[in-house]
Amino acid sequence: MIDLRMDFHSSTLPVKKMEWRVPLSDLDFGPQEEEAVLRVLHSRWLTMGSVTQEFEGRFAEFLGVKYAIAVSNATVALHLACIALGFGKGDEVIVPSLSFVATANAVRYTGAHVRFADILSSQELNISPEDIERNITPQTKGIIVMHYGGYPCRMEDIESLAERHNLVIIEDAAHAPGATLKGRYLGTWGDAGCFSFFSNKNLVTGEGGMLVTNRHEVAEKVRLLRSHGMTTMTWDRHQGHAYSYDVIELGYNYRLDEIRSALGIVQLEKLEQNNLKRAQITDQYRQALNHTSLEIPFTQHKGQSAHHIFPVLLPPGSDRQAFMDNLREKGIQTSIHYPPIHTFSYYRHLYPDIRLSNTEEVAQREVTLPLYPTMSEAQINTVISAVCQ
């Protein structure tokens, strides 16, 4: 079986696809998803319309939030949240560095600067409220938190901090659909929450995202900006509700289509059960690896995690590449979450003097093991056996 995707750094010859015994993640797709997509195809309306509106409504109802706006991916959800909350040139926004680069990029798109805050510890890989406070300046306008692995940040402390300093909060909840803290869903604590539906996430549409908020003015701004700043949509005109439109903002094409929304509706119905399966696999991993030399983060945590990934920390001084290569030889896929954002060339050039001791120390030792709800017992045992050897 040949994978026709090319690596532009290498030759243009096709590369043989790796056949994993245990991939890092996998889809829980079946007849329900197929039927949902076929219904959209048979309707002959593929762009944003009634199915997307239904997905938004169901997602908002699930989280108990007033507004949910579907967008093309989580990066643009973050971007729109930054714009709607007024970030711009001269502003600073505090973000974690132990996150996917989009968390910081979304701030930079607006012209604002980021200030990177450290994580709490090797046990709790989320942003530190104390380091957030140390980074506050007169130019600070907001905080972006990222619920690493689906484990809740210390939102009560961060919420209190934001209130004292008159700052807004954006939650990067890409890892955390269905996770809760104090009975409140993650993504609903801040002024806006941003979710990802990428192919390796807990709720999968391939590409896609959702911005949620309880603030009417934020929702209205985001709805306007996601579709070119237009006052009416193609779906509205198709339904006979309008004949033309005005453009009142410099907007973007950040819409979600009906096929992905149809997948999202089905996946949302599976979310709670699949998160429970993830939790059960996480418990199996922890029990089996408890007596190894690996350090397991988040063994003590508040709230209910979405268990998006299973990170482990190798002992200091370990050869991480050798560890990952050994698992690869056994057909087990692993990854790293994440190379710290402040160490990338773009950000090193922009902010050359950043030092985050906890983030940097953890990032050198972290390896992510496979975790997905359709893992078989044989696959789980294969991973455990390989890691324990």
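Two strands count as paired if DSSP finds at least two bridges between them. In this predicted model, strand β4 (residues 92-96) and strand β5 (residues 113-117) run parallel and are joined by five bridges. Within that pairing, Val95 sits opposite Phe116 in β5. To get from β4 to β5, the chain passes through helix α4 (residues 102-109), and this β-α-β crossover is right-handed.

Now for the charged pairs. The count comes to 18 salt bridges, and here are three of them:

| Pair | Closest N to O |
|---|---|
| Lys141 and Asp91 | 3.9 Å |
| Asp131 and Arg134 | 3.0 Å |

Take Lys141 and Asp91, which form a salt bridge. Lys141 is in strand β6 (residues 140-146) and Asp91 is in the loop between α3 (74-84) and β4, so the pair ties together parts that are 50 residues apart in sequence. Lys141 is partly exposed at 32% relative accessible area, while Asp91 is buried at 15%.

Arg215 is partly exposed at 28%, and Asp191 is buried at 18%.

Asp131 and Arg134 stay local: they are three residues apart in helix α5 (residues 129-134), so about one helical turn separates them. Asp131 is buried at 10%, whereas Arg134 is exposed at 59%.

There's also a salt-bridge network linking Asp28, Glu33 and Lys270.

Last, the nonpolar side: Leu38, Leu41 and Leu46 make a surface patch of about 250 Å². Leu41 belongs to helix α1 (residues 31-43) and is partly exposed at 41%.

Notes. Residues are numbered from 1 along each chain as its sequence is written. This is a predicted model: local features need pLDDT of at least 70, side-chain atom pairs count only at pLDDT 80 or more; totals for chains, interfaces and linings use all residues. Side-chain values use heavy atoms; hydrogens and water are left out. Patches are made of residues with over 30% relative accessible area and no salt bridge: like charges are joined within 9 Å, nonpolar side chains (Val, Leu, Ile, Met, Phe, Trp, Tyr) within 5 Å. Accessible areas come from the Shrake-Rupley method with a 1.4 Å probe; for residues, only the protein chains shown count as cover. A salt bridge is a side-chain nitrogen of Lys or Arg within 4 Å of a carboxyl oxygen of Asp or Glu. Helices (H or I, at least four residues) and strands (E, at least two) are DSSP runs, numbered from the N terminus. Buried means under 20% relative accessible area, exposed over 50%, partly exposed in between (1.4 Å probe, protein chains only). A crossover is right-handed if, with the strands pointing away from the viewer, the path from the first strand over the helix to the second runs clockwise.
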